[in-house]
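Me: I have a structure open and would like to go through it slowly. Can you help me read it?

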Amino acid sequence: MNDSLWFIFINASLINNFVLAYFLGICPFLGVSGKLETASRMGGAVTFVMIIASMSAYGIHALLITINAPFLQLISYIVVIASTVQLVEMFIKKISPGLFRALGIFLPLITTNCAILGLALFQTNKGYGFLESFVYALGAGAGFTLALILMAGLREQLDLADIPNVAKGTALTLLIAGILSLSFMGFAGLGG
Amino acid sequence: MEIQTTEKKKGGFFESLQNGPATDEFIKGLWRENPVFVQVLGMCPTLAVTNSAENALAMGLATLFVLIMSNLLVSSLRNFIPKQVRIATYILIIATCVTVADYAIQAYSLDLHKALGAFIALIVVNCLILGRAEAFASKNTVSKSFWDALGMGLGFTFALLCLGVVREIFGTGTLFGFPVLPGSFQSWIIMILPGGGLFTLAIWLLVFNGAKERKAKKARAL
């Protein structure tokens, strides 16, 4: 791969934003974007797990290639992600009980966040090296957090608006997400 | 002797189909508890691969297969799986089924595999499948779980087709690759872009909400 690290970061966070262009991690995007504060915390937690999962996926991929068992890829990735989330949970609980209480239920739910498994699969498909994977994970996490915070800001404003009954709830959120996704397409020019 | 037992089984099977819980489990997934439109589960594949009707159908059928396999396995093993590690076990079962589906699609049609990309592998984290395993298959018999999976899977496929058909007709002017709109039609590029998926789903939800509202109003008027 000849891509510079900076390009990988911009690509993952803005041009091909995981949430708005690939539709990965839509569930937390719709579920946790009600309040600005929880949204930014969730973004932080997901970015953290993404970086660890991406690093481990790089190691696993190398191992599976040497023992010639690529069909185990999916199973081992998901097991590693699930156990990483468990480890992170225990680690945070020990180091900072305050943060642990603040994140609450969101931590275990990260396991079924498709953005993380998607990240691991994409970086394998693209053949990124160790440093490139790290930057890719960082960019994807930043993009996820950015989308979540934007959405939360919009939804906090909308709480005060007068909305017809039919459009309340998911339908309205999806419409806003669609407009956000269109506006993110403007970043496509950055790729050059 | 053997024939008799199979006949007996068959009778019981059809009986349960006609007047009872099996049909109910089957129907509820199709409409009343439709995974996409009512429960809003499994959004990632719903939005990402529905830019053409063919992709939507393939994705729906792959999910249906994984859902049936995982529901059958989970419900038949439900008495052996320790409670503490049940989620991890379910995910392992699902990941195995998905790997099988992934390789099967690759062998059957490489083009389709390329079009769906990583999203076949991402069936593992489709909340719908884990949700059914945890909420239904882990508590019910094998045959009930099968009907539940079939109904939910078909309901999911139906929802994907709803989106895929609309997006393909307006986005490219075709349906399953055959042109359906006159040549003078200027295709709406937005429909095959990511934003179009979100808008289409939002509009379907608005339509269903509107229908529900009207029904409720009628019931109140009566």
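Reply: Axes here are lines fitted to C-alpha atoms, for helices over the stretch in contact, and angles run from 0 to 180 degrees between N-to-C directions. This is a predicted model, where local features need pLDDT of at least 70, side-chain atom pairs count only at pLDDT 80 or more, and totals for chains, interfaces and linings use all residues. Residues are numbered from 1 along each chain as its sequence is written, while chains are lettered from A and ligands numbered from 1 in the order in which they are written.

Me: ok, so at what angle do H3(A) and H4(A) pack?

Reply: Helix H3 (residues 36-66) and helix H4 (residues 73-95) of chain A pack at about 145°, and their axes are 10 Å apart. Helices (H or I, at least four residues) are DSSP runs, numbered from the N terminus.

Me: and which residues of H3(A) make that contact?

Reply: Among them are A:Phe48, A:Ile52 and A:Leu64, with partners on H4(A) including A:Tyr77 and A:Val88; two residues are in contact if their C-beta atoms, placed from the backbone, lie within 7 Å.

Me: switching topic, how many residues of chain B are in contact with chain A?

Reply: There are 31 in chain B, in contact with 32 residues of chain A, and the largest share of chain B's side, 11 residues, comes from H9(B).

Me: where in chain B does pLDDT stay under 50?

Reply: That happens over residues 1-19 of chain B, pLDDT being the predictor's confidence in each residue, from 0 to 100. Where pLDDT is low, the predicted coordinates should not be read in detail. For chain B the mean pLDDT is 81.

Methods
Helix = DSSP H or I, 4+ residues; strand = E, 2+ residues; numbered from the N terminus.
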